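Reader: I would like to learn how to read a few local features in a model. Could you walk me through them?

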Amino acid sequence: MWTCVTVTCRDATWASAINEELSILNSQSLLNSQLCVISPDPRGTEGDGEATLNALLVTLERLNNIRDFKNGGTFGEILAESHILIVHHGRSTKNPFCYWPNGTAVLPTQNKNKNGSGLETYLEFITNICHQLKEKASPGVWVASTDLILSGYTKEPFNWPIPSPDALVITLQCQHGDAIYCDSVNLRKQEEGVVDSLSFLLPDENPTELKLNINSGIVYLKSTIATRLLSLSSKCPFHRCTYFGEDNGNQILQLSLFYDLLGPLWVKDKNAYLSAGMNQLRDNIIGITNDGDKVKARSMLWEELHEFQLCASPLHQLNFVNWTALPLGKILRRDSLFPASTDQPAVLNCSIKQNAPAVCINSVIESNLYDNELLMISSSIQSVQPDRFLRLAGRAYLLNTKVDMDEIPEFYLNDNVCMIGYWIRLDKEIKLGRSLFSAVDIPILECSHPRATVFGMDWSGFFLRKGIEPKDVWAPDIGVHSLMTARLFPLTKDVNSWKDLLWLQDIDGVTESRLESWRNSKRYSMEDFYQLCDPEAALRNLRLINTTAILGSISRWPGSLAPYFRRACAENWTDSLLSALDQAALESERRDFPRILAAIADLLASKAGSLSGVRNGPATNKEWIPAFRLLEHSLHDAVLALAHERTKWLGTPELLIRAARHYDRTVHILTRETVKSVQNHMVKNCDISITNRPSVGEWVESECPARLDLSGGWSDTPPICYEIGGSVVNVAILVNGEKPIGARGRRLEKFQLVLVSEGQSEPLVISSIDQLMDYNNPTAPGALLKAALICAGVVQGGCRHDLSQQLEKTLGSGLELHCWSKLPTGSGLGTSSILASALLAVIYHVMGYKFNRSHLIHAVLHIEQLLTTGGGWQDQVAGVMGGCNRGNSFADPNVQVHVEKIQLSEQTVKFMDHRLLLVHTGKVRLAKNLLQNVIRMWYAREEATTDCFNRLIENSYACKNAILQGNIDELCGAVDNYWKHKKLIAPGCEPQMVKNMMHALSDFVYGQSLAGAGGGGFYYGFLKRPEDRSRVESSVTSIEGCQDMIIHRATVDLTGISLKVGGEEVNIP
């Protein structure tokens, strides 16, 4: 991570605008920096040398103020432990402004940014490139620029030179003709990687095809050099390079970074360096003035720095894009920042009505397009009329502009024409100026230059065809006559002014009336737009168009929305995003509805921030209940009711997080409604036989094995199990030689319910329906027993009959019901679901139902929803079926669980019995909390999460095949992979003590995992050699953090659930 990223700006206005952008980027962790600083250049700054010195001084002052450094905290000590990046912004004011007036720092690239919230800006791009380059560098200062445009991305790690250089410039290969106004870097032949000279390249009428190493603008200075430079900044005449000189009334001393400050590192001849002959021409072009103090400054630099060397290292993965010397069409058509080929349309971060253009980046198109090539960047074409069509005569370019088709229905662009927008402040109002020119024009070239064109033709031909005279576009006080300075462009405030602007592109469409109208209009040049530019308005509107693109396509967004939530919070458009999500919900199909509501919950939580409290919590506030009830009847009305209630909960972070919990609750309600489809496969659709009921007082008892999940767990969880389908392989086990989970019940003469859970001091006597209605609170006394009674239909809420009347009808008696588990709480062995299976078996038999094991499996899935624990179906598959099984469900809202019996050979059973290692960690973790987090991750559609679920399911097939083949190594490999998947799906599910144990036992045990959701409970693994059991078991408690762990014995159970009536076994088919 960077200690500090400092961005220099040419004036205070740009500094304010970029500072806001920096704050937004860094709040989303997009710059890899602990601190971001803006350093406005002192007035009169032209060179990157004085800008670097000033930025270094400002950065060190800021760091010294906020950090506690030892021994007084000198600047040298700060530099010795810091990685600082200085990025120069706005040094060049030529073509980059013509093409992209918002400043190249916010130029979008074709790369997604790190958190996926949009496209990477060029500032992010160059910061991340430098961050990769510095990976093996010692502390020091890196300097880069957003004015030298690079493209591509680094695929391979950068090979840092050995020995580590004093200073290192990164070079790129470039053809001579594309390297105009750049520094060519020449190396010494006898010393590998050492810079011999730099030469500034000027336009050449006959450029060669020779490949040159050019200066990328990225340079590293080790902390020793940076310290010496900084020590000079307080001395005369270097104080004139910083804000100290400006505040003392001194004229700025203009210096070049590479030719002045770093000249002693590569110039061999002191006299040549002091005379500055090698860079006089460059200084004249860039605008650096020379005065008497420059010789003194160079002399001092030579004394301080000539002992060091400047080295160079190439970066082959990046390309140079010369925005100063190339026409826009050539920049955008080549392999640069934007996709070059129109064969595969590139539409990135856009909202488009139809007919995607060739390239569209950060843009909105509400109009229809004919089949033409359009390249749009950060622009919008708007229309409320559905029949509006954008007319193009071929390829056209729109950058940073807006076109309202209702304002100018006749809008059109001719072939190869570019329209660029410039946000300017005029008469205290923000206006959008627009320029129009050809993609082959180079705006900075003087009109007399052989390559200078306007709309693709020479200036004299343009004047002749249009009837325009030079004096119409260049006032007498304008020194350089170029497209940049030509006052060609009227502001488009009405239809007539639009026609005046568009008329410029019609080379053969000259009319006297239009010429006269154009002449009478107030016109501006691109140079005027530059002078009038309002940076804050420009960046604000850039963010607005990006936001509009996101909001316009939110309902069709395929991936994760979470990054946009962070961006919305940083840029303060969460209210608009909430409204867009509401609208998306109103327009969505039933299957997409839960994901949108989950997204609203996530956005509210993001808006609440990290200080608002935990995400999981109660969500049955009575104010939300009416909206919850609507979810079962009218999704449209429910969305509106939820949105209305939400407005009352936006005032504080605490209220926001509570609102997020209630939106989470809506997702659970919708999941519960979908899972209700399992009722089609439950016992209530089967025959009832009153004569089969046991006698009053006769005990009915059920026992079940526990389960170990071997692969695929989490995919059985609603909604995952019915959205992509689920597949889980598990095995039923006896713990310490017995089935550890059970229930029993008997009919009572008195019409009441008596509920007894293990550990309960007194029986819970239920005499009214109201006492059962807290079944949906997992922490309520007897919650599981109550939910089982509701699920089985023994009683129901909202009925006009009281408890005794309902019991008389369903049982003909009262009921005493017990349940127990010999496993610790939060074991991870499927206790609660398997216990529900045992309870249902008892209840069903007492009621006289004819049922089978499949009925139990589906009914328990329903119970999990009633309890709001939301568990899946895999636990009961093992506990009910016994043996080894692969349970699976299809991607279908009509939920049904299918069980595939995996036949275990005697050898495989023997292997498991002799080699299974089962250890209770002593740590409890409520699975519901993990489950809620996993479901949130699922609906967030993080790419890593969805990919992990797919691999999880694939691994279950590998696990099944390994068992069938008796391949123990592959089985254990599948379990190892499964544990990796669990850790990805539920971060934090591996306590440190478990990590210690797995590492300590890895030589003796493979196929290691925590059972169930993880986070605690039981650990299991397979001994590599059965004779190591005693050694391993005795060593567990000696491992750090494992002192309280308890060893248990696990063996395979092949029978599953058992049922006894009066002590005699009853078969469950």
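**Peptide bonds, rings and helices**

Author: Let's start with Pro163, which sits in the loop between β7 and β8. Strands (E, at least two residues) and helices (H or I, at least four residues) are DSSP runs, numbered from the N terminus. This is a predicted model, in which local features need pLDDT of at least 70 and side-chain atom pairs count only at pLDDT 80 or more, while totals for chains, interfaces and linings use all residues. Residue numbers start from 1 along each chain as its sequence is written, and side-chain values use heavy atoms, with hydrogens and water left out.

Reader: What kind of peptide bond joins Ile162 and Pro163?

Author: Most peptide bonds are trans, and most residues other than glycine have a negative phi. Ile162 and Pro163 are joined by a cis bond, with omega about 0°. Cys236 and Pro237 are also linked by a cis peptide bond, with omega about 5°; Pro237 lies in the loop between α6 (223-232) and α7 (243-247). As for phi, Asn362 is not a glycine, yet its value is positive, about 50°. Look for Asn362 in the loop between β16 (359-361) and β17 (364-365).

Reader: How many aromatic pairs does the structure hold?

Author: Rings of Phe, Tyr and Trp (its six-membered ring) pair if their centres lie within 6.5 Å; planes under 30 degrees apart count as stacked, over 60 as edge-to-face and the rest as tilted. The structure holds 26 such pairs. One of them, Trp160 with Tyr220, is edge-to-face, at 5.2 Å centre to centre and 80° between the planes. Trp160 is in the loop between β7 (149-152) and β8 (167-175) and Tyr220 in strand β11 (residues 211-222), so this pair ties together parts 60 residues apart in sequence.

Reader: At what angle do the axes of α26 and α28 cross?

Author: Axes are lines fitted to C-alpha atoms, for helices over the stretch in contact, and angles run from 0 to 180 degrees between N-to-C directions. Helix α26 (residues 783-792) and helix α28 (residues 831-847) have axes that come within 10 Å and cross at roughly 50°. Contact (heavy atoms within 4.5 Å) involves residues including Leu785 and Leu789 of α26 and Leu839 and Ile843 of α28.

Reader: How confident is the predictor?

Author: pLDDT, its confidence in each residue, runs from 0 to 100. The protein averages 88, and 92% of the residues score at least 70. Over residues 334-345 the pLDDT is below 50, and this stretch has 36 contacts in the model beyond near neighbours in sequence.
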